[in-house]
Amino acid sequence: MEIKDIVKTAVKAIDSKKGENIEVIGITDLTILADYFVIATGTSSTQVKALAEEVEYKLSLEGVQPHHIEGEKTPWVCLDYGSVVVHIFYKDQRDFYQLERLWEDGQKIDIVNYLED
């Protein structure tokens, strides 16, 4: 599966479970950590968990497994797919850590195209 397909699948999975404020940041030119960050907010700890599980499920259907999952029972779940890292936050944690600000030099990707079809 192509990297952009992993991003698209993750975005669609989050959107399908009503995740909020979904952002994709291209960080290829900034770090060797990953090529993209997908960042989203859940409205409760239950929703954060459900969003992470949906991303993992949808990507597993495509044969893509995370290298590592961190924080499965916390308000910030991080799913590491190598070139794509998915961060799902409860609102307070997202406001506190402000990953978008830390990676503001990255390329903001318009997710509208990922949500079509």
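The predicted model contains an open sheet of six strands, in which the strands follow the order 3-4-5-2-1-6 and the pairing is mixed. Its edges are formed by strand 3, covering residues 68–70, and strand 6, covering residues 107–109, each of which pairs on one side only. From one strand to the next, the twist averages 20°.

Within this sheet, strand 4 (residues 76–80) and strand 5 (residues 84–90) run antiparallel and are joined by five bridges. Trp-76 has Phe-89, a residue of strand 5, as its bridge partner.

## The helices across the sheet

Helix 1, made up of residues 3–16, lies across strand 1 (20–26), strand 2 (36–42) and strand 5, and its direction is at about 5° to that of strand 2.

Helix 2, made up of residues 45–61, lies across strand 2, strand 3, strand 4 and strand 5, and runs at about 160° to strand 5.

## Lys-12 in helix 1

Lys-12 has its place in helix 1.

In sequence, Lys-12 is 57 residues apart from Ile-69, and the C-alpha atoms of Lys-12 and Ile-69 are 19 Å apart in space.

Methods: Residues are numbered from 1 along each chain as its sequence is written. This is a predicted model: local features need pLDDT of at least 70, side-chain atom pairs count only at pLDDT 80 or more; totals for chains, interfaces and linings use all residues. Side-chain values use heavy atoms; hydrogens and water are left out. Two strands pair if DSSP finds at least two bridges between them. Helices (H or I, at least four residues) and strands (E, at least two) are DSSP runs, numbered from the N terminus. Axes are lines fitted to C-alpha atoms, for helices over the stretch in contact, and angles run from 0 to 180 degrees between N-to-C directions. Contact means heavy atoms within 4.5 Å.
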